[in-house]
Amino acid sequence: MNDFFDNWTVQVRKGVLELCILNALAEQERYGYDLVKTLVTVPGLGVTEGTLYPLLSRLRVAGLVSARLEESTQGPARKYYSLTKDGRKIMSVMNEYLETLNRGTRQLLSKGERYA
Amino acid sequence: MPDWTQPAREEVRRYFARVRASLAESDADPDEVVGDLDRHIAEEIAAARLAVVTEEDARRILARIGPLDSQLCAEPRRPTPVENNRRQPKPKPWHVSLVLFGIVLPVITLAFEYFTGMCAALLFDPLPTLWHVLLVATVPFANFLVWRAVRNESTEAQTRFGWVNGFAFGIGLVYVLLFLPLTPFAIPGLIVYGIGLLPLAPLLSLIATLNLRYRLRGARGAGLRLPGLWSGAGLAWLVLLALALPSIVGEIGLRKASSSDAGTRMKGIRWLRALGSEDVLLRACYGRPKRVENIYSFGEPVTPEAARTIYYLVTGCAFNTVPPPKLYAGRGRWRVLEEEFTWDNDQAGDAVAGRVKGLSLASSRQDASVDADAAIGYLEWTLEFKNVSSLQREARAQIALPPGAVVSRLTLWIDGEEREAAFAGRSQVRTAYQEVVQHRRDPVLVTTCGPDRVLLQCYPVPANGGVMKCRVGVTTPLVLTQAEEAFLRGPFFLERNFTLPEDFRHSLWIESRGSLQAQGNRLSSERGKDNRFALRGRVADLELAGPESVVRVSRSGESRQAWVNDSRSAEPQIIRQRIVEAEAKLSGRVVIVVDGTRGMDQFYPAIAEALSKLPDGLELAVLLAADGFESICAAQKGDATLYSRVADRLRKIKAKGGHDNVPALLRAWELAAENRSGVLVWIHGPQPVLLDTAEELRQRLERRGGHPLLCEIQTQAGPNRVAEKLDGLDSVMATPRLGNLSDDLARLFNSWRGKSLQLVRERSGGDLPATTLGGKQTSLHLARLWARDEVLRLSAARKFNQAMQLAERYQLVTALSGAVVLETKAQYERAGLKPAEPASVPAVPEPQTWILILIGLAVFAPNLPRRRPRAD
């Protein structure tokens with residue numbers, strides 16, 4: 001039972017993690033440390049800081065995110081991430097898709113809760 | 001910056017190594033991730049305000065960062081090959097059709113067109129260069145790559161495949177538009193004959209390309225755009241445009257250059273000189289009217305005649321001096337189409353025109369005999385033509401004769417037998433030739449085509465490796481430079497419609513009783529029959545026209561007279577030749593016209609050097625014939641300073657394109673005619689195209705009666721259309737080329753001062769006793785040379801009938817007469833011609849009179865030509 005649930009949560013988290021990163025960058029560009037610290041606090045996401053960097057790298061290789069280095073007076077050089085044009089488009093499509101999925105899921109959830 | 005302990009460093013290094021290992025199968029960049037983590041650690045240290053980082057600190061920070069969650073980071077697991085094979089679905093129908101129409105059909109179509117040239121032969125050339133072949137080949141290749149990615153459901157490098165597909169789309173779209181007019185015909189062709197698939201190949205493969213793109217996009221995921229369609233297509237169009245640029249520039253230039261407006265025409269010529277492609281121009285020279293020769297042609301094509309003129313104006317050389325363009329790889333069954341393309345439109349005409357495919361010179365020998373004391377030579381040039389094409393061909397060549405020489409024999413081999421020519425009026429022999437050519441029989445024709453030049457025509461050189469052999473006999477005076485020294489130079493090709501194999505050599509054999517010396521190292525000494533001196537050797541075609549083939553003949557300075565009993569004359573007469581020393585008249589004004597055609601640059605230093613040999617006190621004017629004419633030096637008294645200044649100016653001229661020299665000659669004639677002893681010197685390269693009429697120039701030279709004299713000197717072998725129009729005029733003199741240009745010009749300039757040797761030929765009654773005739777008795781060639789002079793004199797006096805009869809009687813090819821060999825007696829009778837008796841023709845060496853009588857007696861009956869059995 002627990003194994004099944006663990007597997008399922010991994011699949012769900014995996015599906016939404018990249019979307020979370022894209023949405024976190026939607027408003028403005030953010031530097032890596034700050035972005036990671038924000039995402040690890042998202043309830044239920046259950047992600048370690050170390051896990052986020054490979055995901056950011058993959059998104060950058062796919063052309064959805066761009067990165068630039070900037071010298072900082074307060075510490076080491078900071079790497080700023082921002083959404084690319086393609087990244088913004090795919091984020092929008094993914095959000096729309098998730099919204100549709102959520103609506104459908106909620107309808108079923110309400111039935112399920114009634115008989116739980 | 002905090003200090004790190006060694007164990008702390010080791011701890012972090014081990015962590016990074018684990019990260020790298022766990023990312024080995026991931027799409028993430030391990031270096032980038034390690035760099036990011038490094039920065040993250042530095043931020044943590046800075047936030048904790050650590051001065052020294054110990055192993056414990058490192059462990060604490062790394063624990064906070066946590067391990068990489070491989071379940072979240074890793075890509076979905078790919079199936080193993082075994083699983084893959086197990087799950088491999090059967091090929092779907094769309095897979096088969098995409099492979100068929102997107103890959104197989106384009107490859108077959110491309111290969112078919114490349115190897116057969118069918119479309120190029122019938123309509124237009126879709127693959128004008130190898131680059132086009134490669135570009136078209138990218139379509140099936142790109143389709144294959146994308147098809148494979150789609151089949152494997154690969155999500156890797158999709159952006160790259162998007163571009164590749166876009167590139168194929170760009171190329172495909174252009175070819176679909178090109179073949180669009182054929183589509184309505186291709187569909188019924190497909191139904192009826194099954195061959196319509198080839199013209200439809202671009203359309204079908206374009207559909208396949210777009211279908212593959214749709215499927216590639218589907219594999220990428222819903223909502224995700226596949227980049228590269230228009231960017232790839234744009235790149236393809238840019239490449240096509242780059243390949244097309246020379247053709248487009250050439251087409252624009254051609255149309256401008258063939259405009260009826262002189263200004264536009266000149267702009268077009270300059271445009272082509274600066275930017276045009278010679279290949280495009282050459283294609284237009286061989287083009288078929290109303291047929292598009294390549295995919296970038298537009299509008300009405302420029303006619304081949306106009307294109308040939310433009311080609312000369314742009315390049316400075318005739319279109320037929322370079323190999324014909326390789327239009328397409330016509331092979332196999334389509335070879336006939338290729339030959340139709342190179343059909344010889346100038347057959348039996350009076351122009352040499354373009355090189356004919358498959359026709360070449362198989363062998364060439366020149367046998368000469370020199371009578372040094374009489375300063376006369378006789379030379380026979382035997383030529384054998386070979387034709388490897390599948391059509392009968394006519395071999396045509398313009399031949400330069402030695403100065404003052406005349407063609408006195410013409411022989412054709414028919415079925416291994418020698419047949420001699422009939423000599424008659426020019427139009428009569430040409431009509432007879434054309435009549436026989438129409439019936440595809442064996443004639444050979446020689447007519448003059450300018451001062452010291454003749455046109456040789458042989459037909460038919462049989463197809464499929466057949467050969468045709470003929471011989472031209474030339475009687476020539478030697479060029480006397482001193483009483484003890486004379487020069488013999490043989491005939492050579494000025495223009496030809498057949499090719500010469502790369503290693504082709506002419507075989508030369510020259511004999512004399514006096515000693516002979518070769519100018520170059522190509523000829524070596526040999527001992528001839530009867531202890532005669534001889535020179536023999538093999539020379540290349542260019543060398544035949546150069547100083548390498550000029551032979552220096554030693555002679556006795558005492559031999560000043562020669563005579564012959566003229567057996568050709570109706571009345572008994574003796575022809576005498578005297579060598580006289582004439583006091584040269586200093587020319588009052590010399591007007592030099594220098595050709596500005598490309599290729600003349602190399603001769604400007606030699607001309608400049610020769611200018612220093614001009615005598616002081618002479619009035620000099622120099623014109624450059626370039627797009628009209630340009631004055632290099634206005635008429636003025638010359639001295640060393642002026643000559644040096646003009647020489648400097650000449651050396652700096654950069655010759656471009658080809659130019660009509662006639663406007664400069666007309667202006668030069670006016671300048672020379674202002675002075676009572678003016679001379680016009682025309683230094684020029686080949687003039688392969690007559691750009692405008694030379695009639696006005698001829699009129700002036702003809703009507704003024706020998707003054708001013710036009711001395712022309714040609715720098716390189718090649719045709720001279722202007723000189724052709726000045727045939728038969730005694731005021732036009734070709735300067736003999738014996739060595740380099742500077743020396744030959746200096747010899748000409750020197751002839752205007754001091755004394756010069758001249759050969760004077762005259763006749764007297766046949767009743768003079770031999771003892772009263774000074775000098776040596778020589779051969780009948782002396783009588784032939786006298787007759788040649790006489791024909792010129794009678795022509796100048798407009799006594800054309802008398803001149804023509806004289807030429808016929810002495811069997812000479814002159815401006816009024818020609819020589820033709822026909823195949824049968826009936827053909828001769830129909831044309832009203834009589835072939836020369838074998839006993840009456842010259843030979844090497846010339847036989848004595850008594851031998852001729854013996855030969856005449858030995859001939860049982862007139863050697864009437866027998867009809868040659870023919871398969872057709």
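**Second cavity**

I sorted the lining of the second largest cavity by class and got six nonpolar, three polar and one charged residue. My classes: Ala, Val, Leu, Ile, Met, Phe, Trp, Tyr, Cys and Pro are nonpolar, Asp, Glu, Lys and Arg are charged, and the others, Gly among them, are polar. This is a predicted model, where local features need pLDDT of at least 70, side-chain atom pairs count only at pLDDT 80 or more, and totals for chains, interfaces and linings use all residues; side-chain values use heavy atoms, with hydrogens and water left out. Residues are numbered from 1 along each chain as its sequence is written, while chains are lettered from A and ligands numbered from 1 in the order in which they are written.

The lining itself is B:Gln366, B:Leu379, B:Leu488, B:Arg489, B:Gly490, B:Leu508, B:Ile510, B:Leu544, B:Ser549 and B:Val551. I noted a volume of about 60 Å³ for this cavity. A cavity here is a set of points on a 1 Å grid over the protein atoms alone where a 1.4 Å probe fits but cannot get out, and lining residues have an atom within 4 Å of a point. Grid points are joined across faces, edges and corners, and the volume is the space filled by probe spheres set on them.

**Largest cavity**

I found three cavities of 30 Å³ or more, and the largest holds about 70 Å³. H2(B) has the largest share, with four residues. Helices (H or I, at least four residues) and strands (E, at least two) are DSSP runs numbered from the N terminus. By class I have four nonpolar, two polar and five charged residues.

**Sheet in chain B**

Next I traced an open sheet of six strands in chain B, with order S24-S23-S22-S25-S26-S27 and mixed pairing. S24 (630-637) and S27 (732-734) stand at the edges with a single partner strand each, so one side of each has no neighbour in the sheet. Neighbouring strands are turned by 15 degrees against each other on average, direction ignored. Helix H24 (741-750) of chain B packs on this sheet, touching S22, S25, S26 and S27, and its direction makes about 165 degrees with that of S26(B). Contact means heavy atoms within 4.5 Å; axes are lines fitted to C-alpha atoms, for helices over the stretch in contact, with angles from 0 to 180 degrees between N-to-C directions.

Strands count as paired if DSSP finds at least two bridges between them. S22(B) runs parallel to S25(B), with six bridges, and B:Arg589 stands opposite B:Gly678 there. S22(B) is also parallel to S23(B), with seven bridges; B:Val594 partners B:Leu624. S23(B) and S24(B) run antiparallel with five bridges, and B:Leu620 has B:Gln636 as its partner.

How many residues of S22(B) are buried? I get seven of seven, with buried meaning under 20% relative accessible area (1.4 Å probe, protein chains only). B:Arg589, B:Val591, B:Val593 and B:Asp595 point one way, and B:Val590, B:Ile592 and B:Val594 the other.

**Whole chains**

Chain A has four helices and three strands, in the pattern α-β-α-α-β-β-α. Of its 116 residues, 36% are buried. Chain B has 28 helices and 30 strands, and 52% of its 872 residues are buried.

Definitions and conventions:
On a 1 Å grid over the protein atoms alone, a cavity is a set of points where a 1.4 Å probe fits but cannot get out, and a pocket is an open set with protein on both sides within 12 Å along at least five of seven lines; lining residues have an atom within 4 Å of a point. Buried means under 20% relative accessible area, exposed over 50%, partly exposed in between (1.4 Å probe, protein chains only).
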